[in-house]
Structures are given as C-alpha cells and as structure tokens.
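I opened my notebook to record what I looked up. I went one topic at a time.

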Amino acid sequence: MEKIALLKCEDYDVKTIENKLREGFELLGGDEFLRKLIPINSKVLLKPNLLSAEKPGSPTVTHYSVFEAVIRIIKEYTDNITFGDSPGFGDARKAAEKCGLIEVADRYGVKFEDFLDSVHVKLDNSILCKSWNVARAPYEADVVITLPKLKTHAMAFFTGAVKNQFGCIPGTQKAAWHTRMPDANNFCKMLLDLNTLVGTSFAILDGIIAMEGNGPRKMNTIIMGESLTAVDSVAVSLIGYKDPLDIPVLKEANDNKWGAVLSKDIQVVGENVEDMLVTDFKLSRTGGSFYFKNQVVNDFLKGMIAPSPVLIRDKCIGCSRCYEVCPEKPKVIKMVKMDGKNKPTWNMSQCIRCFCCQELCPNGAIETKHSLIGKILFRK
Ligand code: SF4
Ligand code: SF4
C-alpha cells in the first residue's frame, strides 16, 4: 500500500507551504521517513517543471515558493542540493532565472545544474527503451525529487510527476523522442522507463494553482509521496477522472506493474479526496493514441478522429515558438502573413499530435479541436 499525503494549501506564502509540507512529511512517517529518503549528506537533485522562460508565479512552471519551502526542509538533512531541468524551449538557466528559482537557489547555496551534459547508459529490464542518453545530473544524484505542476495535456491528458521527468532528456533530444514515439502509449512506456533509469525517489506536486487547458485554475492542493504513479493517480481523481486507467501513463504503469495506480493500492493521508474534488475541471479528453502502423490507415483515421491544433488568431503574437518547437522534419507548421504578423498554419497530414506547439505557446493561442466524429467518439 502506497501512502500519499494530500494537503490543502490556499496560497503561495512560503511559510504556509513549508508548514504544509512538514505536515505532509509527518503524515508519511516524520523524521524517520525523511532520514531514509535523504541519507545523511546525500546528493539531492530537485527537478522542478521549467517548461520555458515564464514570469515568476506563472502556473506553467513550479512556483518559486514551493521550491523554497522544499529546500528549507531538505537542507536539514543535507547541504548537497542541486536543481535543474531541460525546458521544452530555450535556455534552462534563463528559464530558471526568469521564474525566480535562481534567486531562491542562490540564497540557499543550491547549485543550478545544466541538463545539457549527458551520459549514455543502458537500462536492463526496461518496458520499452533500453538505450538512453540522459542528463548526467539527475542520473548521478543520490536522491531525485520531482516538483511537478498539475496540468492538463493534449496528448497525455495530464502532466504530473511521471511526465515531469521528461525534462531529464537533454535539450533538443526531447524532440527526437516525440518523433520516435508518436503514439501516446509508447511515449508513456518511455516515460516510465526514464523514471526507472533516473530513480526518481519522491514527488511533491504543486497544484495550488493548476493549469486547466491554456489557463490557470486554483485548486489549493499539494500532493506528495514516494510513488509517482500514486501521486498522479490521486491528482487525476481530484480533477474528475473516475478511472485512473483513462490516463495513458497510468494505464501503461498498471499494465506493466510499474508503481501503484488503483485506489485499492493507495492510502491517502491528510485531506479526504472527496473534500478536495474540483467537480467542474475541464478535462482533456482529446489525446491518447492516434498512431497506426499502416501509413494509409494512419493518415485516414488520424484525419477523421484525432484532435488538431487550432489557432486562436487574435491571441497569436507571431513569436514563431510553435514553429521552432515542432519536432517533425519537415516542420508541420508553416508561418504565413496574417493580420500583419507571421502566424502558424498546419499541414495536418504530417502532424504526429504531440501538441508541443500548443503546450509551449506563450500566449495560449493554440487550442485542440476534434472533428465531429472525434467529438462523438470521445464524449464522456
Ligand atoms: S501561436 Fe503561439 S507560439 Fe505560435 S506564433 Fe502565435 S503566439 Fe507564438
Ligand atoms: S504541429 Fe504541433 S502537434 Fe503537430 S507535430 Fe508539430 S508540434 Fe506536434
């Protein structure tokens, strides 16, 4: 039985969050639990979600106050703390500076690690992927603690603890994984293997303000525990998924006996799930697997049922980030003159539906839309 602490936290005041996290650790076993999690003087790496260079407090990145509260507690067990990520777009250090994490890290003597330095390693007993190039810092850390945000995601339905570790793939190599694993099921198997390889020990999920589609959503929630799948499973139940197996990564985890997923295997301590439910959360049901090995079948069915990225023209600022992050070669997106700016259009027959363009658009100018058949098929 995996113990997961569910906590109610209504704002980003660092002292309040620190107290909540202490309460959570107490519920999980207190000082004895922490001593086991962080052996004396071990090298701890914190892995926040640094999606891209966002302003401090942006709901797309781990909040600097959560980061600070975690450091305050971990520091009581080791002084050897580093942090890092490889964002989906742009320079990692600039992203960490812009969202306020570098300022916090400097105050506590926490060193920033650039995930561009990598190691080539093999993973025996993998679900899918044996050969890896991963960032050296998380691979060589004694303890890796992931600090994800709670977000919906157009391909994976949900981003939490398991998917946050995709940032352990250095820089542009992430794009190659999207191209190699165009269907959600294999992509999720890859994420589970990656977490095995990195050995992520603990997750603290920042759901105080979550991401619902392209916008923020106050949820007042922190979820913490050793099992990343159990943390994600509790998170998706809070936003209204009745069955965690609706989420591709949790389905793959359950099928492959990778971590606790089902409620019968998870003991929630702290708040009751029922009291923390957000009943009107807009769920992402557009994703899943839209990849069929036969190219003709693939093109035909994808066009009929798969969702597509769609531009909200008046929100687009013409920054071209969507074009730059598209992993396909040639690019699916073409920038064309519209409203006096260069704005994207899509060649949908080439699109693998990774939705990186939508996830990384800085202005929420890309939505996902279903065809009529897709709407009927995925209506719940
Ligand atoms: S859709 Fe978004 S990412 Fe693409 S050009 Fe417009 S604002 Fe930039
Ligand atoms: S257009 Fe968007 S969804 Fe399609 S492959 Fe490129 S980034 Fe992925």
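Predicted model: local features only at pLDDT ≥ 70, side-chain atom pairs only at ≥ 80, totals over all residues.

**Entry: strand S1.** I began with S1, residues 2–8. Which way does S1 run relative to S12? The two strands run parallel, and five bridges join them. S12 covers residues 266–270. I picked out one pair: isoleucine 4 has valine 268 as its bridge partner in S12.

Next I checked S1 against S11, residues 215–225. This pairing is antiparallel, over five bridges. Here I looked up alanine 5, and its bridge partner in S11 is methionine 224.

**Entry: helix H11.** I turned to H11, residues 248–255. Which of its residues are buried? I found Pro248, Val249, Leu250, Glu252 and Ala253. I then asked what the buried residues of H11 pack against. After H11 comes lysine 257, with a positive phi near 50°.

**Entry: ligand 1.** I counted 14 residues around ligand 1. Cys316, Cys319, Arg321, Cys322 and Cys361 come nearest. Helix H14 (321–325) and strand S15 (341–346) are the elements that each give two or more residues to this shell. By class, I noted nine nonpolar, three polar and two charged residues.

**Entry: ligand 2.** How many residues surround ligand 2? I found 13, and the closest are Cys326, Val332, Cys351, Cys354 and Cys357. The shell has eleven nonpolar residues and two charged ones, with no polar residues.

Technical notes. Residues numbered from 1 in each chain as written. Chains lettered and ligands numbered in written order. Near = placed C-beta within 6 Å. Nonpolar A, V, L, I, M, F, W, Y, C, P; charged D, E, K, R; others polar. Pairing = 2+ DSSP bridges. Helix = DSSP H or I, 4+ residues; strand = E, 2+ residues; numbered from the N terminus. Buried ≥ 20, exposed ≤ 12 C-beta atoms within 10 Å, placed from the backbone. Contact = placed C-beta atoms within 7 Å.
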